[in-house]
Amino acid sequence: MDREERLRVAVQKSGRLTDHSLDLMSRCGLKYSRGKDQLLCYGENMPLDVLLVRDDDIPDLVREDVCDLGIVGGNVVHEKRLGFMARGVEPLFEVLQPLDFGRCRLSIAVPDQFRYEGPASIDGLRIATTYPHTVADWLERTGIKAEVVTLSGAVEIAPRLGRADVICDLVSTGSTLQANHLREVEVVLQSQAMLIRTPVPLPQAKEDWLRRILLRIDGVQLVTESKYIMLHAPRAALPEIRRLLPGSEYPTIVPLEGTTEKVAVHAVCRENVFWETLESLKAAGASALLVLPVEKMLP
Ligand code: ATP
Ligand code: ZN
């Protein structure tokens, strides 16, 4: 099929972002076939194909116009951008929006017994990382001079091997650091998965599809938090109950057969509904509370 007419999205082939990225595409309505070892997933019901690649290659593929869109960590976007700038190359990709998954932070970590008293403690030392531009930029902004040791992986064992004194690496739970007797001391960058695009204008039909997909992504992000809540309430308690309903605008009030005192209240809550909220609603007089997941939403 003509590349002129089909959007191509670069997604990590196998790693932490893969399942979430493919799931997001499916929730936007894409049906695709994915064979074993297949690099290109052909969209069967939309003019959109998914190219499976290493995450580090995604900004380049978008920059080089091989792909129109990409899903990649903000950490990679930041590093690539600084890298392109250092080489005097225009970073030809644009960040469209954060995607609410793949959250992590790029942090400085020191060995457990290291006496850390602020960034000055690493002055003159060696920092191992796979993000040399980001670390160099942070050092410059912090006014610290340290040697950046660029590694391609296994950064967390560098101090034990004597290759560096401290490290700068991605952290989410901190369990990897702990297992390697390291302690997180500074956050250099907060990150989550991002949708990026080529800044080159696309043919109109592709731009139209891109706009539709962006709206669907907004819809998907809304529903992950949204709940549909139903309850019975005494009329007198309605003001208090409306106040307690989290993130809802206008609830639907429905009369109940056989009583004039009570009504049914239905509302879409654009936030998660926690047990505490249900308990408060009950204390305010609500009964027969029901919370349902919302599958699709188009604002
Ligand atoms: P590839 O083979 O595609 O190069 P990789 O080893 O670079 O894979 P992963 O470890 O799968 O990549 O991480 C991909 C992205 O997931 C990271 O760039 C980051 O944005 C995100 N991420 C979220 N949490 C973590 C974490 N705890 N450690 C590393 N990456 C994380
Ligand atoms: Zn990678």
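What distance separates the centres of domain 1 and domain 2, taken over C-alpha atoms? The centres lie 30 Å apart in this predicted model, where local features need pLDDT of at least 70, side-chain atom pairs count only at pLDDT 80 or more, and totals for chains, interfaces and linings use all residues. Residues are numbered from 1 along each chain as its sequence is written, chains are lettered from A and ligands numbered from 1 in the order in which they are written, and side-chain values use heavy atoms, with hydrogens and water left out.

**Domains and their interface**

- An automatic or database assignment divides the chain into domain 1 (3-101 + 193-223), domain 2 (104-191) and domain 3 (227-293).
- Domain 1 brings 9 residues and domain 2 brings 8 residues to their contact, which is defined by heavy atoms within 4.5 Å.
- About 790 Å² is buried between domain 1 and domain 2, with 56% of it on carbon and sulfur atoms; buried area is the accessible area (1.4 Å probe) that two parts lose on being put together, summed over both.
- On the domain 1 side, N75, H78 and E79 lose the most area to domain 2, and together they make up 65% of what that side buries.
- The count of salt bridges between domain 1 and domain 2 is 0, a salt bridge being a side-chain nitrogen of Lys or Arg within 4 Å of a carboxyl oxygen of Asp or Glu.

**Zinc site**

- D55 (OD) and D56 (OD) coordinate the zinc ion (ligand 2) at 2.1 Å, where donors are N, O and S atoms within 2.8 Å of the metal (3.2 Å for Na, K and Ca), and water is not among the atoms, so sites may look incomplete.
- D55 counts as buried at 18% relative accessibility, whereas D56 is partly exposed at 29%; buried means under 20% relative accessible area, exposed over 50%, and partly exposed in between (1.4 Å probe, protein chains only).
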